[in-house]
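Here is a short walk through one structure. Keep the sequence and the 3D view side by side as you read.

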Amino acid sequence: MHRRDGAAVNPRGTEQGTSLHLVFDGNCGFCTRCVGWARTLDRHDRIALHAYQVPGVLERFGLTNAEGNASVWAVLSRSGERSSGAHAVAVTLDTALGIRVFEPFYRLPPVRWVQDRVYRWVADHRGKFPGVTPWCQQHPGQCGTP
């Protein structure tokens, strides 16, 4: 959900208490399904979801259109530290669950190598995976031109 200025809101309707901003491809049904899973796991409203197609989102997080299209991005609220791809997925799982397991595991070199390659393959073939109605189709007035 987004306010008119492009800022995402958590289910309570605010960004207060948000620890992480998750930027994803709102025109992708598989991506929309995945961030739906993150929202389900996030029982304490720590994550705000942002479709990168919403005007102002890319600028707010210092991303290009190509970066938004290529990978999911996790941006920590306090530090502004950004991660993408498999690393962003690990940070998102840790934030949603309130633990520190997935990101430290990701940092192990052989694990990172495998996860990065699997993520890239999935991202490159995301249109072939089952999804839901893409976020931008669910919220037609909020996304800009794809």
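This is a predicted model: local features need pLDDT of at least 70, side-chain atom pairs count only at pLDDT 80 or more; totals for chains, interfaces and linings use all residues.

How many of the 13 residues of H4 are buried? Ten are, so H4 is largely enclosed by the rest of the structure. Buried here means under 20% relative accessible area. Among the buried residues are Gly85, His87, Val91, Asp94 and Thr95. Gly98 follows H4, and its phi is positive, near 70°.

Now turn to the largest pocket. It holds about 670 Å³ of space. Its lining has 29 residues. Phe30, Cys34, Val72, Val89 and Tyr119 lie nearest the centre. Several elements each supply at least two lining residues: strand E1 (20-24), helix H1 (29-41), helix H3 (65-70), H4, helix H5 (102-106) and helix H6 (109-124). H1 gives the most, with seven. By type, the lining has 22 nonpolar residues, five polar and two charged.

H4 also takes part in the second largest pocket. That pocket contains about 180 Å³ of space. It is lined by 15 residues, and Leu76, Val91, Thr95, Arg100 and Glu103 lie nearest its centre. Strand E3 (73-76), strand E4 (82-84) and H4 each supply at least two lining residues. Here H4 gives the most, with four. The lining of this second pocket divides into six nonpolar, three polar and six charged residues.

Note on methods
Residues are numbered from 1 along each chain as its sequence is written. Side-chain values use heavy atoms; hydrogens and water are left out. Buried means under 20% relative accessible area, exposed over 50%, partly exposed in between (1.4 Å probe, protein chains only). On a 1 Å grid over the protein atoms alone, a cavity is a set of points where a 1.4 Å probe fits but cannot get out, and a pocket is an open set with protein on both sides within 12 Å along at least five of seven lines; lining residues have an atom within 4 Å of a point. Grid points are joined across faces, edges and corners, and a volume is the space filled by probe spheres set on the points. Ala, Val, Leu, Ile, Met, Phe, Trp, Tyr, Cys and Pro count as nonpolar, Asp, Glu, Lys and Arg as charged, and the others, Gly among them, as polar.
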